[in-house]
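Me: Can you help me read this structure? I keep running into labels and want to see where they come from.

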Amino acid sequence: MTWPKGTRALVLHNAKARHGEQALVPVRERLAAGGLLVTVEPFESLPEIARDVTRLHQTADIIVVCGGDGSISSAAPAVIESGLPLGIIPAGTANDLARTLSIPLDFAAAADVIVEGHSRRIDVGTVNGHAFFNVASIGISSELAQKLDPVIKKRFGRLGYAVAALRVILAAQRFRARISEKGESRTVSTYQVAIGNGRLYGGGNVVEENAAIDDGTLDLYSLEVKNLWKLALMLRAFRSGTHGAWKEVRTAKCVEFDIETRRPMPVNTDGEIVTATPAHFRILPRAISVLAPCECPVTARQFPLYHH
């Protein structure tokens, strides 16, 4: 597809993202070289993104988010409402959505994908009305999102995540959760309940080996190990999505889940704390059109996990 002359691209730019400023220059150049009329709207906090889209979408033909997974998810409800296609410039730390969609992590190459204009419709997960593309979780990942210093995250990226994760895991405790699906409920003792919409999360872990971001379902796992040291043995399984083979990992696939805990617990969606339990999860099938490479399946192409 070639965009018509005069196509307008609204670029929402998070200057605070780890690669925010670095990303903007090549993105503007490539979009403009592709014939798009570019307007840049900076934002400093996640709530600003949806407000900016709502306020400015009538002056645009494409919405482009230049930021991390949390920024993209924050934009999702307003982008869905606008009906416009979404372009992604992965300028965060993990960039799991971009990798799920085979969008290059090189900024200029990601802008070229937008210029090419190939689109595909993907699912959006929601929890208590908040959108997520990759995964929503309660437990260890939420503790990590709360305790990861933004300065360390921006400066050290994946290394910062690793150090913070080790500290959180060493102090983690199990909690009781009631999981409901299809009218049936069970109470579990778990370190984490995670519900995935896409395929990748947490810097390259796989939600479930057969998961896809357009399969119309959510994938749940509950980490019910007795001793956290066993996580070290499970790491390879989480990277491949085969963790459900372990008896200590409960899994389920459905279009809706409800999670209740004895006390309210924070829910982390795509790296950001957005709500708390009790939590209602549901899938919005093929709810949004994203600009992504079209010549291969989402799991086939591989791009370097770094920026030039």
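Me: What makes the side chains of E224 and R250 a salt bridge?

Reply: The distance between them, N to O, is 2.8 Å. A salt bridge needs a side-chain nitrogen of Lys or Arg within 4 Å of a carboxyl oxygen of Asp or Glu, so E224 and R250 make one. The pair links distant parts of the chain, with E224 in the loop between β13 and α9 and R250 in strand β14, 26 residues apart.

Me: Before we go on, where do the numbers come from?

Reply: This is a predicted model, where local features need pLDDT of at least 70 and side-chain atom pairs count only at pLDDT 80 or more, while totals for chains, interfaces and linings use all residues. Residues are numbered from 1 along each chain as its sequence is written, and side-chain values use heavy atoms, with hydrogens and water left out.

Me: OK! Why does E224 count as buried?

Reply: Buried means under 20% relative accessible area, exposed means over 50%, and partly exposed is in between (1.4 Å probe, protein chains only). E224 has 16%, so E224 is buried. R250 has 31%, so R250 counts as partly exposed.

Me: What separates R55 and D52 along helix α2?

Reply: About one helical turn, because they are three residues apart in helix α2 (residues 46-56). A helix here is a DSSP run of H or I with at least four residues, a strand is a run of E with at least two, and both are numbered from the N terminus.

Me: Why is A9 called buried?

Reply: A9 has a relative accessible area of 2%, so A9 is buried. A9 sits in strand β1 (residues 8-14). Leaving aside neighbours within four places in sequence, A9 is in contact (heavy atoms within 4.5 Å) with L36, L37, V38, T39 and I62.

Me: How do you know that β16 and β17 pair up?

Reply: Two strands pair if DSSP finds at least two bridges between them. Four bridges join β16 to β17, which run antiparallel. The two strands form a hairpin with two residues between them. One of the bridges has T269 facing its partner E272 in β17.
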